[in-house]
Amino acid sequence: MDPVERLRGVFTRTLGLPEGAEVDGLEYRSIPQWDSLAHMSLVAAMEDEFDIMIDTDDVLDMSSFAKATALLVKHGVPVPAR
C-alpha cells in the first residue's frame with residue numbers, strides 16, 4: 001500500500017474518524033479530535049506503522065497532515081510525488 005494511504009489510515013484510526021474521511025487538509029487542533037493527547041498518539045502510531053523514530057523537534061513541528069507526510073520523507077519513507 002502507498003505510504004500516503006497508510007498515513008491516512010493512521011490519522012483516521014488514531015483520531016477516530018469515519019473510514020474515508022478527508023484528512024489531507026487536517027491541521028493540529030483544526031478538529032476537536034486532534035488535541036495534544038491525540039497528537040502524541042499520532043506520533044506513536046506513525047512510529048509503529050513506518051518503523052521510524054520521531055524526535056522531539058519533529059513532534060512539535062508536525063502541525064498538519066502535510067507536515068506528517070514530509071516527516072515520512074525525512075525518515076526515508078518513499079512517498080510518491082504528487
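His39 is found in helix H2; helices are DSSP runs of H or I, at least four residues, numbered from the N terminus. This is a predicted model, where local features need pLDDT of at least 70, side-chain atom pairs count only at pLDDT 80 or more, and totals for chains, interfaces and linings use all residues. Residues are numbered from 1 along each chain as its sequence is written, and side-chain values use heavy atoms, with hydrogens and water left out.

Visitor: Is His39 buried or exposed?
Guide: Buried means under 20% relative accessible area, exposed over 50%, and partly exposed in between, with a 1.4 Å probe and protein chains only. His39 has 7% relative accessibility, so it counts as buried.

Visitor: How many aromatic pairs does the structure hold?
Guide: Rings of Phe, Tyr and Trp (its six-membered ring) pair if their centres lie within 6.5 Å; planes under 30 degrees apart are stacked, over 60 edge-to-face, the rest tilted. On that basis, the count is three.

Visitor: What kind of pair do Phe11 and Trp34 make?
Guide: Their ring centres are 5.4 Å apart. The planes sit at 90 degrees, so the pair is edge-to-face.

Visitor: How many residues apart in sequence are the parts that Phe11 and Phe65 tie together?
Guide: Phe11 and Phe65 also pair edge-to-face, at 5.1 Å centre to centre and 75 degrees between the planes. Phe11 lies in helix H1 and Phe65 in helix H4 (residues 65-74), so the parts tied together are apart by 54 residues.

Note on methods
Helices (H or I, at least four residues) and strands (E, at least two) are DSSP runs, numbered from the N terminus.
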